[in-house]
Amino acid sequence: MEIKCVAAAVLFFSCVAAGAWQWMRLFQRLSDIRSLQELLQLLRIEILCRCVPLSEAVARASQRASGAGLRFCLCLLDCISDCRFEEFGQAWQRAASEAALFQTAGAEELSGWELLGRQLGRGDSREQEKIMEHAEFLLRRAEEQARGDFCKKGRMYVMTGLCAGVFLTVLLF
Amino acid sequence: MNTMDNVGALLNHFPQSVAKELSDAPSKFWRSAQELRFRRGHPALMVASEGEYAFCGQTLRHIENNTLNNIINKFLNYSDYAYPQEMSSGYVAIPGGHRAGFCGQAVLEAGKLHSVRDISSVNVRIARELPQAAERIWPQLLDREGKFGHTLIASPPGCGKTTLLRSLVRKLSESGYNVSVCDERNEISGAGYGTFAFDLGRRTDVMSGCPKAQAMVMLLRSMGPQVMATDETGTEEEVAILRRAIASGVVLLTTAHAADLRDLLRSPLSSLVAEQAFFRIVFLSDRPAKGTVTSIWKREQLWKSNV
């Protein structure tokens with residue numbers, strides 16, 4: 001009987017944990033996108049208002065960024081100081097991979113972010129504004145999608161985990 | 001700073017693949033290198049006193065668009081938008097006092113040059129520090145009382161004007177003069193990342209990266225200079241400010257593009273030359289070697305020859 005109780009408890013909590021883990025992934029994706037939106041705003045101020053070079057803009061933005069944005073900034077600054085790249089886009093791409101950005105998201109979000117890195121710094125302020133507006137649009141769309149997923153799928157995963165746990169426990173007894 | 005150190009620091013400003021191939025050039029060429037020339041479709045060349053060296057590495061034996069763009073992007077810190085003045089003037093100052101000029105397809109906006117795209121050539125001029133360059137002509141630039149007089153250094157491009165100017169600024173500073181330097185292109189001081197690559201002396205104040213006419217007015221008002229030094233004076237506006245500086249009792253030290261006195265008299269500086277404003281005019285040439293003083297015109301000579 002005791003073994004049965006322990007097994008039931010293990011099964012129940014495993015199912016709940018699996019549901020919660022899926023919920024956490026969705027939450028992480030949402031908060032990553034939000035912190036990247038915040039980073040983009042900070043970069044926008046540095047690039048368009050202060051007109052500082054990209055490396056300085058990233059360094060300044062890193063002082064106020066948080067979460068995935070901060071993680072990305074630190075990786076990017078590392079890549080820049082290494083100088084092991086031919087184009088800024090390569091450093092940006094490497095930093096995105098080192099900071100494990102969009103690991104919980106689709107390839108579309110990652111490619112949009114990498115495209116921003118390839119275009120950033122090329123052209124005058126007006127072109128930079130257009131590039132950043134486009135990136136903001138992509139991130140806004142990704143945020144809406146992530147928020148929708150979090151609200152709908154998040155609750156579903158938690159409830160499914162809970163129900164599966166109860167079902168297996170009842171089945172065991 | 002040691003010349004080879006300065007050259008080594010220059011390589012850090014190139015993309016990695018280009019820097020690696022540039023560093024493969026024989027050190028005898030690097031020691032006397034004056035220019036690095038990159039032209040689309042041709043091998044990169046190093047121009048040195050020893051002659052020309054053509055690079056034969058994978059990237060540099062045949063320069064492609066991408067390589068030229070990467071070089072300029074690296075010089076601009078991958079941030080074209082932060083250097084609108086450089087993009088419209090066709091040159092970039094590289095920390096260390098070096099300068100990269102570029103040309104390609106001009107982009108005009110309202111009839112004015114806005115930027116250059118499809119870059120076809122890049123010319124990197126390597127700055128050198130020769131602290132003793134001023135010594136051989138220094139006595140001739142002093143009047144009977146041993147005071148330094150208004151001096152103009154003239155030569156065609158690439159003959160060592162800026163090197164001599166830098167050396168004279170240092171000599172003046174060591175001789176007790178307060179020198180203010182208008183360093184529009186960061187070539188005289190080698191300003192970059194908050195430091196100066198060249199030692200201009202302890203009595204020297206540098207205003208870098210600012211248009212000469214504006215910088216001269218600011219320095220005159222704020223730094224109380226005894227000597228004002230500036231490089232490559234050429235516009236009417238700059239000449240007007242030079243005249244104003246002379247009128248306010250400041251001694252001028254400047255350079256201009258001119259092979260001889262005739263060229264000088266065709267330039268915007270002609271009015272100052274005709275007014276015998278300059279105490280000495282030093283002409284330089286690159287033959288037999290860069291920085292060769294071909295002649296020094298004295299004010300009395302100008303007066304006698306009725307310029």
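This report describes a sheet, its covering helices and a chain contact in a predicted model.

## The sheet of chain B

Chain B holds an open sheet of 7 strands in the order S11-S8-S12-S13-S7-S14-S15, and its pairing is mixed. Strand S11 (204-208) and strand S15 (292-298) of chain B form the edges, each pairing on one side only. On average, neighbouring strands are turned by 20° against each other, direction ignored.

Strand S12 (residues 227-230) and strand S13 (residues 251-257) of chain B run parallel and are joined by 4 bridges. Val227(B) stands opposite Val251(B) in S13(B).

## Helices across the sheet

Helix H6 (residues 161-174) of chain B lies across strands S7, S8, S11, S12, S13 and S14 of chain B, at about 170° to S13(B). H7(B) lies across S8, S11 and S12 of chain B and runs at about 160° to S8(B).

## The H7–H8 pair

The axes of H7 (residues 212-222) and H8 (residues 236-247) of chain B come within 9 Å and cross at roughly 15°. Angles under 35 degrees count as roughly parallel, and H7(B) and H8(B) are therefore roughly parallel to each other. The crossing of H7(B) past H8(B) is left-handed.

H7(B) contributes Lys212(B), Ala213(B), Met216(B), Val217(B) and Leu220(B) to the contact, and H8(B) contributes Glu237(B), Glu238(B), Ile241(B) and Ala245(B). By class, this contact of H7(B) with H8(B) has 6 nonpolar, no polar and 3 charged residues.

## Contact between chains A and B

The contact takes 17 residues from chain A and 13 residues from chain B. On the side of chain B, helix H2 (16-22) and helix H4 (65-75) are the elements that give two or more residues. The side of chain B that touches chain A has, by class, 5 nonpolar, 7 polar and 1 charged residues.

Technical notes. Residues numbered from 1 in each chain as written. Chains lettered and ligands numbered in written order. Predicted model: local features only at pLDDT ≥ 70, side-chain atom pairs only at ≥ 80, totals over all residues. Axes fitted to C-alpha atoms, helices over the stretch in contact; angles between N-to-C directions. Parallel < 35°, antiparallel > 145°, perpendicular 65-115°, else oblique. Left-handed = near helix turned anticlockwise from the far one by under 90°. Contact = placed C-beta atoms within 7 Å. Nonpolar A, V, L, I, M, F, W, Y, C, P; charged D, E, K, R; others polar. Pairing = 2+ DSSP bridges.
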